[in-house]
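Keep the picture open beside you and find each residue as we get to it.

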Amino acid sequence: MAETKTYREALREAMVHEMDRDESVILMGEDIGVYGGTHLITDGLYDKYGPRRVIDTPISENGFTGAAVGMAMMGMRPVVEMMTWNFSFLAADQIIQNAAKVRYFSGGQVKVPLVIRGPNGGGVQLSAQHTHSLESFYGHFPGLKVVAPVTPNDAKGMMLTAIRDDNCVIFLEAGALYGTKGEVEEGDNAVPFGKARIAREGSDVTLIAYGRQVNLCLRAAETLEEEDGVDAEVIDLRSLRPFDEDAIVESVKKTHRAVAVEEQWRWFGVASEVAAIIQEKAFDYLDAPVERVSGAETPAPYARNLELLAFPSEKEVANAARWALYMEEK
Amino acid sequence: MPAKDGRSENGDVGARGEGAVATTPENLAELYQKMVLIRAFEDACQRAFRQGKIGGYLHVYTGEEAVATGFLDAYREGDRVITAYRDHPHALLLGASPGEVMAELYGKRTGLVKGKGGSMHLFDVKRGLMGGYGIVGGHIPVGVGLAYALKYQNTDHIVQLFLGDGAINQGAFHEAANLAGLWGKDEMCPCLFIIENNQYGMGTSVERATAMTDLAAKFDSYAIEHEKVDGMDLLAVLECAHRATERVRESGRPYAVEAITYRIAPHGAADFLEKYRTKEEVEKWRERDPIGMVEKRLLDSGDLDEERIEEIKQEAKREVEEAVRFAEESEEPPAEELYTDVYAGEGEE
């Protein structure tokens with residue numbers, strides 16, 4: 001059974017599912033309670049669960065994230081909302097120095113079953129300080145898990161998995177897509193981490209993305225089919241740490257060509273990692289260099305036209321695929 | 001040397017008024033013994049550090065013994081303790097053996113956290129120690145979260161949260177104290193803040209680091225009641241600790257104590273040049289050495305004689321020598337430990 005729901009509703013459904021099942025699950029964040037959440041993800045939950053389980057925090061990211069680490073070390077399962085992931089820089093000491101490392105430096109004596117969630121990336125003209133894609137930043141730290149679902153069904157299923165995980169999960173929501181709809185399975189549809197999803201089967205080139213760039217790749221794949229007769233495969237990585245290397249390698253063995261797409265800056269990013277993995281594990285199968293499509297090397301601009309230029313477009317992805325297929329000169 | 005449980009339950013400690021003697025002669029002698037052991041332990045690890053046997057940083061508690069000893073005397077099984085990087089005495093007082101602690105400093109597999117944390121990260125979760133942390137102020141929000149959880153889980157346990165004077169200037173302190181005050185209104189934050197004010201954040205004195213030097217009074221901003229205690233005087237600390245601990249336990253609200261103490265030893269064992277303070281100043285504080293003061297009291301009262309005092313010192317010395325031998329003879333962690341404990345539930349990612 002499946003029902004059409006928004007990404008936002010799917011996330012809420014997952015939290016309700018786990019809060020009903022497990023009293024140790026609580027929610028924390030700025031304006032998530034009485035106000036209902038800036039993005040309305042937690043709307044109605046304060047009335048349902050009360051102030052001890054749906055905790056409105058002051059605007060104080062380092063403090064409340066650190067408190068959530070302490071709660072998690074005691075066996076609670078806090079789900080912390082970052083109003084945007086940009087604000088997590090204020091809590092970086094708690095996330096990186098404590099949540100990611102305390103299990104290790106305690107010699108395995110504690111666990112930190114903590115989810116930190118919120119909208120990642122740009123696309124809605126929030127300009128430089130409210131727009132940032134943090135996947136490679138957090139993906140860099142051992143001790144953290146980093147996931148980025150794009151479909152409503154994955155938003156729910158991966159949130160269930162995140163809350164049940166005994167580690168700190170960085171849950172990067174596709175913030176620009178909160179209102180998009182999709183089929184969501186009823187009940188417990190937990191999606192395991194570390195398994196990519198083939199979003200579109202194809203044989204000529206592999207487009208690899210995560211988060212909202214997956215939709216871009218799907219549209220580019222249609223264009224390629226219509227305009228060029230190219231059959232592109234689209235892989236939705238879903239989870240960046242752990243990372244499904246096999247899915248990429250298998251696909252490239254089939255298509256022999258790859259394009260890695262990311263919204264964030266190119267330097268030291270996820271697309272670089274994807275390209276390196278393909279080079280290490282599928283070099284002999286490659287018929288062309290791996291192409292990368294990334295965000296512009298600038299802080300995010302406000303103006304709509306500039307913002308559109310700053311992030312990857314369907315056209316850039318299609319062009320990169322054509323380069324990988326030697327259909328066009330760079 | 002586990003802390004005595006339940007001593008405060010029988011009403012003979014803490015229930016008495018201000019200035020009352022907060023312990024029996026037997027207890028006092030036992031606490032004296034613990035302080036002597038801590039001092040001997042710290043002396044020994046400083047020696048080992050200078051011999052190059054201990055790596056990294058090493059921050060000893062010399063001069064501050066009365067603070068941890070007094071407060072952890074009020075610890076009850078099930079309470080939690082969290083502190084910063086000057087954490088050896090907290091581990092020892094909660095019952096970790098000197099051997100386990102020394103082996104950790106030596107980076108051995110028999111260490112308290114298997115050689116993965118070293119001096120700054122002693123954990124003994126079974127005995128209530130939720131860790132030593134290396135970032136000044138970074139553990140304070142964590143401690144407040146521990147306190148919330150204890151209430152959320154319907155226990156009557158509390159958190160003893162030790163922090164230094166240096167941590168007071170960190171945003172993490174102010175954010176955490178605000179949360180504690182807020183949650184305390186709902187009786188959801190049984191957290192006892194214990195400021196170990198040893199006068200210096202590394203080499204910068206409190207006067208040169210904080211605009212308003214009344215550290216306890218900073219808690220006024222967060223609706224948290226507070227007091228100061230003479231951190232060199234074990235009896236004063238004991239009285240305060242038992243009273244404050246029970247107050248937090250009964251109310252579910254935070255409370256803060258600023259213990260005025262002094263770090264006689266350098267900030268870190270590698271800091272030989274103490275340009276930031278005078279020899280005279282250190283000597284002046286040495287006159288109020290917390291161990292010497294208890295020793296004098298025990299001798300004056302006739303509860304211990306010179307001979308017994310000497311025996312206690314020799315016992316401590318032997319115990320620490322044994323700890324050093326244990327640490328030296330222990331094996332290093334096996335190579336496969338490099339990748340364990342990164343993620344819960346799996347060997348590695």
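## A charged patch on chain B

Start with Asp305(B), Glu306(B), Glu307(B) and Glu310(B), which together form a negative surface patch. A patch here takes residues with over 30% relative accessible area and no salt bridge, joining like charges within 9 Å and nonpolar side chains (Val, Leu, Ile, Met, Phe, Trp, Tyr) within 5 Å. Lys and Arg count as positive, Asp and Glu as negative, while His and the chain ends are not counted. Each charge is placed at NZ of Lys, CZ of Arg, CG of Asp or CD of Glu. Accessible areas come from the Shrake-Rupley method with a 1.4 Å probe, and for residues only the protein chains shown count as cover.

Now zoom in on Glu310(B), which sits in helix α11 (residues 306-329) of chain B. Glu310(B) is partly exposed, with a relative accessible area of 42%. On this scale, buried means under 20% relative accessible area, exposed means over 50%, and partly exposed is in between (1.4 Å probe, protein chains only). Helices (H or I, at least four residues) and strands (E, at least two) are DSSP runs numbered from the N terminus.

## How to read the model

This is a predicted model, so local features need pLDDT of at least 70 and side-chain atom pairs count only at pLDDT 80 or more, while totals for chains, interfaces and linings use all residues. Residues are numbered from 1 along each chain as its sequence is written, chains are lettered from A and ligands numbered from 1 in the order in which they are written, and side-chain values use heavy atoms, leaving out hydrogens and water.

Is Leu308(A) buried or exposed? Leu308(A), found in helix α12 (residues 304-310) of chain A, is exposed, with a relative accessible area of 53%. Its C-alpha atom is 26 Å from that of Asp231(A), a residue 77 positions away along the chain.

Glu262(A) belongs to strand β13 (residues 258-265) of chain A. Glu262(A) is buried yet has no salt bridge, and the nearest side chain of opposite charge, Arg266(A), is 5.4 Å away. So what does the side chain of Glu262(A) reach at 3.0 Å? It is the backbone nitrogen of Val270(A). Glu262(A) also makes a 2.9 Å polar contact with the side chain of Gln264(A). (A polar contact is a pair of N or O atoms within 3.5 Å; within protein, one must be able to donate a hydrogen and the other to accept it, and residues adjacent in sequence count only if both atoms are side-chain atoms.)

## Backbone details

In chain A, the peptide bond from Arg241(A) to Pro242(A) is cis, with omega near 5°. Pro242(A) is in the loop between β12 (239-241) and α10 (245-255).

Over in chain B, Gln199(B) has phi near 85°, a positive value in a residue other than glycine. Gln199(B) sits in the loop between β4 (191-197) and β5 (200-201) and counts as buried at 16% relative accessibility. Met202(B) is not a glycine either, and its phi is positive at about 50°. Look for Met202(B) in the loop between β5 and β6 (204-205).

## Salt bridges

Side chains of opposite charge can pair when their charged atoms come close.

Lys281(A) lies in helix α11 (residues 270-282) and Glu245(A) in helix α10, so the pair ties together parts of chain A that are 36 residues apart in sequence. In chain B, Glu337(B) bridges to Lys116(B), with the closest N and O atoms 3.1 Å apart. Glu337(B) is in the segment after α11 and Lys116(B) in the loop between α4 (98-105) and β2 (129-132), 221 residues apart. Lys116(B) is buried, with a relative accessible area of 15%.

## One last contact

Ser119(B) is in the loop between α4 and β2 of chain B. It is buried, with a relative accessible area of 6%, and its side chain makes a 2.8 Å polar contact with the side chain of His88(B).

Note on methods:
A salt bridge is a side-chain nitrogen of Lys or Arg within 4 Å of a carboxyl oxygen of Asp or Glu.
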